[in-house]
Each structure stands twice: as C-alpha cells, then as structure tokens.
Amino acid sequence: MTEEQHHITLHVNGVPRTATVPARRLLSDALRHDLGLTGTHAGCEHGVCGCCTVLLDGEPVRSCLLLAVTAQGAAIRTVEGLAGPDGALHPIQRAFAECHGLQCGFCTPGFLMTTAGLLDRSPAPTDGEIEESMAGNLCRCTGYQNITTSVRRAAELLAAGQGGDPAGPWAGEDPQEPVAEAPLAAGPYAPPPGGGVPGEARR
Amino acid sequence: MTTRVFGERVERREDPRLLRGEGRYLDDLGHDALEVAFVRSPHAHARVLDVDVTAALDVEGLVAIYTHEDLPGRLADPLPLLIPHPALTAPRTAHALAKDLVRHVGEPVVMVVAADRYLAEDAADRVRVTYEVLPPVVGLDRAEEVAAHLVQEVGDVDAALAAAPRTLELRLDIERSASTPLEGRGVYARWDADDQRLRVYSSTQTPTSVRFAVAAILGLPDSQVECVAPDVGGGFGVKIMHPWPEEVLVPWAARLLGREVKYTEDRREHFVAATHERAQEQHVRVGFDDDGRILALDVRFLHDHGAYTPYGIIVPIITSTQLPGPYVLPAYRVEFSSLYTNTVPVTPYRGAGRPQAAFCMERTVDRIAAELGLDRAEVRRRNIVQPEQMPYDLGLTFQDGRPAIYDSGDFPATLRMITDLIGWDDFPRRKAEAAAEGRRIGIGLACYVEGTGVGPYEGGHVQVEPNGRVNVSTGLSSQGQGHQTVFAQIVATELGVPMEDVHVVTGDTRRFGYAVGTFASRAAVMSGNAIALAARELRAKALRIAADALEASPDDLEIVEGIVRVKGSPDAAIPLRTVAVLSNPLRYSFSEESRAATQFSLPVRGGPPVPRGEAPGLEGRDYYSPERSTFANGMHAAIVEVDPETADVTILRYAVVHDCGNLINPMIVEGQIHGGVAQGVAGALYERMAYDEHGQLQNASFMDFLMPYATEVPHIEIAHLETPSPLNPLGIKGAGEAGVIPGSAVLAAAIEDATGVAIARMPVSPSELFELQGGSA
C-alpha cells in the first residue's frame, strides 16, 4: 500500500513553500508538520474549536477542515506571519498581551487570526460584531472577557496607526497565483448548514 | 526602597512567545518521531477474546503492534493506585493495555507504532479484536459495586435533627462534565543510547511524579529518567492524573525501538479515554430553627467513580469536607459511597468535588429561606462564621489527611460586598418592574470556602549568574496560570532586582527534581512561598559576601535594582552580579568579570575560601511545607432572565467577591476567576456527558458537547477582599479553582427566583426548564 503523493506550493506568510503530501493530508497538518509552522494548533480536528484558524486568501478558515492539496497556490497567513519583519509584535498581539487575552495560549493563534480577519473587514467593530466574530473559537482558560477586550484594544491600536493594517506586513502583495473562490465560501469545504461552525456559518 | 512588583498588574512574561506562535506544546516537539495510535474498546464492558493483527501488517510505515501479552514486568501489572485510603476498600486500576477485560468505551487494547499518525491509524483500523460483550452498568441509579464508603461526623447529628424545630429533606443531582483543555493529552519520549537516559515530555500537571512512575514501571533508576512538561495547553485537573497508559507505553516503546515515539491524543479520545468528574446524587436532611439558624446537616451522597479509581477518593472527600462552606454547622454528618460504573474514570476537574459541595449547601440554605419566607442573604448572614471565630476548626479530615481549619477570612464583609456589588436590596423593585414588562428575572447568591495550597511541599531554587541573570526553578508545572510571571514578581521583590533579569523554569525535572504538582489551587501558595524562601536565603548570602567586600555590616545593606548598597550612602555599592562572581572562588579566570574571584585577586582571610556550611555560587534553595491547607473564600451573585416562551436563560449580571489573601498579580487572578466562572456557567447550563444505557458517550465531540463560546459567558464583575493567610510567609491563598465552585449553585438560585420552579439538578437546559415548568411558560 503506497499512497499517491502530490506536490503542492502554498504561499505562506508571503513565502512560496512546497511540500509533498498525500491527498488526505489536512492543511493544518501540512502547515504544522510538513512546513514546521507549529503555531497553528489542532484542538478538535472537526472544525469547532477554531484553534487551527488561518487566513486563506484573507479569509479566516479552519485549516483542519481543508485538505492541503486544495490550498494549492493559495495565500495563507498563519500566526507566525503576524509580527513585523523586525520581530515587533503586531498590534493585535500587543493588545492580547496588554489585556491578558491569553492564558495557556493554545487557542490563541486561532483567536489572533480570527481577529485579523475581523479587523481587516471591519476596522471599527461594534461590541456585538466582536462577540459574534469570536464566537466561533473556543477558549477554556479566559472566559472570553479579556479576549473581547483585547480585540477592542487591537482595533484602537490599529486605528492609531501603530503597526499598519490588520492584514499585516505582507498583506499589500497580491497572491502570486490567483486562486479560485470555490474552496472557501461554498462547495464541500463550506461549514455544514444550520450553523454547525458558529463563527463561520453566520458570515 | 526596593523593586516591589509583588501585587502589580504586570504583563505576562509568557505572552510574547505564545503570541508569536513560538509556544512548544507537546505535538510541536518530536518532528521526526514515530507516532502512535491505539485500538480502543468500542464496548463499555466486554471480555477480550482475540486480537488479530494480520490485516494490519502490510500497512506502509508500520513499525510495531503491541498487546498486553507483549508488556514486560511491571508494565503488565495494573497501573498504580495513586492515593490509597483505608475507606477505599475495593480499589481498581486499569492495565496499560487491556488484559482480558475492558470496563469502559475507549480503554486502550492495542498500541500501534508507525511512521506517522495517519499510517498508525490505518494500521489500527485493520486490527481485529473479538469481544464477548458483557452487560454494562451505566448511571448511579444502576450502580451497585462499591469502591469506597466513608462517614465523617461532628456532633450528634441524629439528636440535633430530632431536637430541631424544623427539618427539610432535599434530593439533588449533578451530572458529569470534564476538564476538556483545548490541548489534549500527549507524550513524547526518546531514549538516548549514548547517555543511557530516557527523556519523557508529557502534557502533564506533574512531571516529577510522571518521572518516578515511569522509572518504577519500566524498571529504570530514577537517575536515568527525566521528564519535562513543555507548554501545556490547559489542564484543569485532568492532567494531574498519571501515569496514563500512554505515559508509560510510549517511553517503553521508545526505548525498545531505539526511536523517538510520540502520542498525541485526538479530541474523541480525550472524551472517552481521559477522565471526567462531577456526577453525584445527594440526599440532604437539615434541621434549623425558626430564625433560619442551621442546627444539623446530614448529607448522604453517591459518587459515580466510573470504571477505575486510580486517583483514589479525593473528589468525594473534598465534597464531604468543603460542603459546610462558610457556615457554622453545630452538627454535621456526611456519608458517601463511591460506585463503579462502566464509564470513563473520575479524577479531579477544576473545583474537584467543590462545585457539588457548594450546590448541595447553597441549595439547602435557599430552601431554608424559602421555607421560612426569609431573605436568602439574611439567612446566610445568620449562619456564617464570624471573623473572631478564626481559626475555625471544622472537626473534619481534609483531602491532605490533615485537619480542615479555616485560617482566615471575613465572611460577613464578603457578604456585604457581594450584596452591594449586585444591588441585592434593590432587586425586588427591579424584579417587579421587569414583571410589569412581562419579563421574568431572578437573582441568586452562593458562597464557598476553598481549601487551597495543600501539601506536602514544593521547593524553589534561585541562582544569580555572574552576568546578573537570575535563574529560578520550581518542580511543579504550568498550564496557563502565568507562573513565569508571578514567580518572577516574587523573586524581583524579594531580591530587589529588575523583573527582566529573572527567568523562571517550571516543570522540568532536569532543573528541579522534587515536587508534587499543579492542582488544588496550590502553585502560588506552595511554589510561591518556597521560591520566596529560597530568594531570602540567597539574599542573606549575598549580603554576607557584599558586607565583606564593602567592609560593612549586612544589616546596613539593601539591594536596589540589582545593586547591593549601604543604606544612606549609595556610593558604597557592589552589583549583585559581582557578588555572584565573588561567591565562587576560582583558580581559573574565563572572563573579565571572573578575574575578581581568582586566587591572587581575592583577599586572603583566615579559613578556607569556601567556609564550612557554605557552598560556592550565589544560590538559594528552600522548601515550603505547610502544616495544613489555607482556605480561600468567596461569594458569587447572578441575575438571570428566563425567556417566557422558550425557557432560554440569559445571564444579565454576574458578580464575584473573592478573597485569596494577598494578590501577587491582580490581572492574573482576575483571569483565573473569569475562566473559572466560564466553567461554572458551562456546568450550570450546558455541559454534560450524555451516556446511553450501553455506555456509549453520545456527545463525544465539540459539536455535541456544549462548551460555551464568547456568546454564552457573561461579563464578570469582580471585587477583591484581601485577608492575608497567617499560615505562609507571603500571606497568600490559592485562586485557580475558585471561579468555578459556586457557578451551578448561584445560577440554580437565580433561575429558581426567576421562574418559581425548584431547581434540584444541574445542568439545566432550556428544554428541561421548559418541562420543569410543566411544559408551559
């Protein structure tokens, strides 16, 4: 039994990265184990907890619900791509540190990327929007209060121009290969009907 | 003046690394390790008749398949009974891999090692196990097999009940829930054939104990085994359980195969193969007078212990001994039976038996108030222990085998603060206004006392390097509590050094070998005090050496911002890093700084260069071992609204008054409370383990087990009361579990107040509440 392998290129945090993976390899596993980007975490592997959230062509997605091969050519942003090239924390990261928005830190990369997606869409979100956007990610430590405070603070820091736009240092670049929309909003990778994946289903 | 950061809202030292995605959680380690999958029992109770691995053998990347027959020596024996107790008359622990019988769905039967997890699961899928299915026992109403039975009694309960002007009886039920950290369990091991050493990484709350357990079970000297807890993605109690089957099997396989081996638990496995807690059936009789004063309390409860009792009967003991809460109980008897069922075993989950205790006591006090038509806060006021009664001896034996004696607290002040914070006295007006609008709102109040900082001990080591870096280590581990920050705050304050210079390592047996673990809200109390004592020892030594160098008396010296100086004449000073150089007399110079400590540089005095009783280096090591636990306390109040149509419960306000003694970092304490309250809300309204009669867990996924999102957890208002503990040098009490304890009790009270329907079970879902209301709103 030898599995067929596929060569894929992913544009991760602005850098083209290649990997050879079987068709069943999850994007989360490809990022973590093939590319060594272990900042993206796997908390449930059934699309509910949001720990594995990354930006795929600018939109927050569950990397555990995507096969790596379907992300061929896509622009992916992970938590490792948030800080500036000089290593300075991104305003979203700074806000979470200031407001004690993390404890064990396991869910945190997912919240950071969800926040990046939110503030890119909606730079001055209402409290309701923040709560709604964060309500697709589970955290067992913080009780969420400091997370929503962190998101508000991140919006303030970004509005004050401290560190650029939420989409980060490389965000101005176009993905090097345009990517079809199919894998995201519709098709087999869309969240199940009826709000099974709360944060995403509502969008 | 000193560098006092103790008590400040200091940002966490852990955060920049974790925020960058540079955390090192278990599955982030061992990139090239072989990976493990388990074949687990699909039956709740069955005999294992045959294991056929033939079909798995041609799976690409397969390295090994093991069953119980393959296990050598003590690895083939039942796993340890961690906490024996005379009342645990029928203890039972599992085998690392099932031998003949399986007793719950999820029990490991076969271990598969392969090149990666995908391939290991491929092979596991092809292993055929033949079972003879046996009838399972599920639920307390069907449980009969007693693991333990224990009675504690203070006063003559029967006489006091017989003499009481009034009595009441209650039956209360609490369902199962679980810690459910977002990172599951995991273990990664490597055998270094050159060094003949085994290194085990485990996502655990007790690496020192895992080390000793692995060494004992694998027949290795302790000195050849080291255990590290890397970044741990939440614990909440479940990871204090050890050694898990996986924790001994993976290191064994790594040594046998001479390869790195790793196991990372997946989410379904965490539901069916880790541990749960909470389920109890409680029967209460209470005697009281016409003023609502409690005269006698008699509680009998059944505790669902699941299939095994590896962690002993700690959870029901805690329920028994924490049940009195802040109240004076002239006569109290508590009797429990721990019963076996064919479900996942029970070990502590944050709160560890206390949420059940608070639910029982607080529901009882509310019933007394209702019976007498008295205000619920007033009944509490009449029954609580007064400050002048401290220390207050319950007359019970606590979970550490020592007397349960409340050391400090001002319960009347706490009660005043919580009723002020929530607006208790004004609530009837608000309720009437809401009712006029067709809205049903209700208020609840619940109290708890929490024994924290149980022994036997923790230790701390503090060392100043010649470059000024301060290294701190303690043996217990961290799962998000911010230990690297709070321990650095303690050391910076004790030593008088900048906090940036202090670097804390926890949970690594290579750095500190003796420890107990992180549970029972004990880390700050135990390791915090041990580290403070170690820092004081180091400081005394630094002052002795500096006094010699400055030709001053140690009593005239102070340390400010890392400089030892003569009080009042800051020019007579020597940096602590230079003291570190002088503390280690040298023959060889290896840097500019170290020249000052070489044999022709140091002044020659009488006696040897290292005086007897001293050691080279600027270090301090000490231990904190308390005579008994310290008791934190608090009260929660909540206002809820219940939808008249759907019975959906919305929490309008949630207030907490909390007394954990001196606060090291209020920001971190509040974070702990927030997280605890979220778990309290979860236990009250959402989370339960839905077993069917066959012992199948019907909701073993995050899709079906309703863990709250941001939309379900209310805004939490917090006020602190700080009554320092007299028991330890820092005057602190634990804070980790407090938030969760009164959650079910306070929300039950508020829902009952809003609806007029008696709430005697938790959790309560909208549909259950709808049914309780008679199916109509």
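## An open helix in chain B

In this predicted model, helix α11 of chain B is followed by B:Gly438, a residue with a positive phi near 80°. The helix spans residues 427-436, ten in number, and zero of them are buried, so α11(B) lies largely in the open.

## Cis peptide bonds in chain B

A cis peptide bond links B:Met390 to B:Pro391, with omega at about -5°. B:Pro391 sits in the loop that runs between α9 (376-383) and β16 (392-397) of chain B.

Another cis bond leads from B:Met762 to B:Pro763, and its omega is near 0°. Here the proline, B:Pro763, belongs to the loop between β29 (761-762) and α17 (766-772) of chain B.

B:Ser521 is a residue other than glycine, yet its phi is positive, near 45°. Its place is the loop between β21 (502-506) and α13 (523-550) of chain B. Is B:Ser521 buried or exposed? B:Ser521 has 29 C-beta neighbours inside 10 Å and therefore counts as buried, the cut-off for that class being 20 or more.

In chain A, A:Tyr144 also has a positive phi without being glycine; the value is near 75°. This tyrosine lies in the loop between α4 (127-134) and α5 of chain A. A:Tyr144 counts as buried because 28 C-beta neighbours fall inside 10 Å.

## Chain A as a whole

Chain A is built from seven helices and five strands. Followed along the sequence, these elements come in the order β-β-α-β-β-β-α-α-α-α-α-α.

Chain A has 203 residues, and 56% of them count as buried. Among the contacts in chain A with a separation of 6 or more, 65% are between residues 24 or more positions apart.

## Two domains of chain A

The domain assignment divides chain A into domain 1, made of 5-81 + 169-187, and domain 2, made of 91-159. Where these domains of chain A touch, 16 residues come from domain 1 and 13 residues from domain 2.

Which elements give two or more residues to the side of domain 1 of chain A that touches domain 2 of chain A? They are β3 (53-56) and β4 (59-62) of chain A. The most comes from β3(A), which gives three residues to that side of domain 1. By class, the residues on the side of domain 1 that touches domain 2 in chain A are eight nonpolar, seven polar and one charged.

## Helices α3 and α5 of chain A

Two packed helices are described by the angle between their axes and by the distance between those axes. In chain A, the axes of helix α3 (residues 108-121) and helix α5 (residues 145-159) come within 11 Å and cross at roughly 45°. The two helices, α3(A) and α5(A), are therefore oblique to each other. The crossing in which α3(A) passes α5(A) is right-handed.

On the α3(A) side, the contact is made by A:Phe111, A:Thr115 and A:Leu119. From α5(A) come A:Ile147, A:Val151, A:Ala154, A:Ala155 and A:Leu158. The contact of α3(A) with α5(A) has seven nonpolar residues, one polar residue and no charged residues.

Notes:
Residues numbered from 1 in each chain as written. Chains lettered and ligands numbered in written order. Predicted model: local features only at pLDDT ≥ 70, side-chain atom pairs only at ≥ 80, totals over all residues. Axes fitted to C-alpha atoms, helices over the stretch in contact; angles between N-to-C directions. Helix = DSSP H or I, 4+ residues; strand = E, 2+ residues; numbered from the N terminus. Parallel < 35°, antiparallel > 145°, perpendicular 65-115°, else oblique. Left-handed = near helix turned anticlockwise from the far one by under 90°. Contact = placed C-beta atoms within 7 Å. Nonpolar A, V, L, I, M, F, W, Y, C, P; charged D, E, K, R; others polar. Buried ≥ 20, exposed ≤ 12 C-beta atoms within 10 Å, placed from the backbone. Domains from an automatic or database assignment.
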